[in-house]
Amino acid sequence: AETDHRRVLAVVRYLDDLDPAVRFWAATLLAPYPQLGTPALVARAADADANVRAAAVETLAGRRGKRPLAAALRLLQDPEWFVRVHAARAVGRLGAPADVACVVPLLGDQRWWVRSAAKDALRTLGPGAVEALKETLLAGDAFARNGAAEVLQDVGYVDELLASGRNRPLLDQIFAAGGERLRR
């Protein structure tokens, strides 16, 4: 056990290696050890290499605290789509309803994987996403409108509106944004 602990500690040192492939693997291999390397992983979330940023934020998703969440929130704007995917998933795991507004714009991302990860994150954040998603139903982007309608359905908001019989105009907006499959 002592030898294994030393090996894991050695992995933390590899987060500062000159080779980005080594930093990537160090960030990846630290995922099962949430008590180790968080400050170094937060630093790697700003790495020059996109693969390292993605691995760091994926591992940070299993950590707790303000710094891992702040790193994930920053990476929602990353220029690389696959980093945004991992960042959205991390915010879904680490975030709170207050963070919904940072994820909602990803519903209109050009990349399908990013839009999908944003929907997953918003589903995880749950009912706290409803207000921001209602505003998105009016967005100019069809992907964003459709994604908002899907998430509103998945978190139970559409069923709640149907059961209560209230706010028929909003329900019509959701159905229009969600398309025929959602309406059925």
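**Figure 1. Contacts across the predicted model.** Of the contacts in the protein with a separation of 6 or more, 57% join residues 24 or more positions apart; a contact here means heavy atoms within 4.5 Å. This is a predicted model, where local features need pLDDT of at least 70, side-chain atom pairs count only at pLDDT 80 or more, and totals for chains, interfaces and linings use all residues. Residues are numbered from 1 along each chain as its sequence is written, and side-chain values use heavy atoms, leaving out hydrogens and water.

Figure 2. The protein has 12 helices and zero strands, taken as DSSP runs (helices H or I, at least four residues; strands E, at least two) numbered from the N terminus. The average pLDDT, the predictor's confidence in each residue from 0 to 100, is 92 for the protein. Confidence is lowest in helix α1 (residues 2–13), with a mean of 75, and highest in helix α4 (residues 50–60), at 98.

**Figure 3. The F24 and W25 pair.** Three aromatic pairs turn up in a search of the whole structure. F24 and W25 form one that is edge-to-face, 5.0 Å centre to centre with 85 degrees between the planes. Rings of Phe, Tyr and Trp (its six-membered ring) pair if their centres lie within 6.5 Å; planes under 30 degrees apart are stacked, over 60 edge-to-face and the rest tilted. F24 has a relative accessible area of 27%, partly exposed (buried is under 20%, exposed over 50%, partly exposed in between; 1.4 Å probe, protein chains only).

**Figure 4. The W81 and F82 pair.** W81 and F82 also pair edge-to-face, 6.0 Å centre to centre and 85 degrees between the planes. W81 is partly exposed at 25% relative accessibility, and F82 is partly exposed at 22%.
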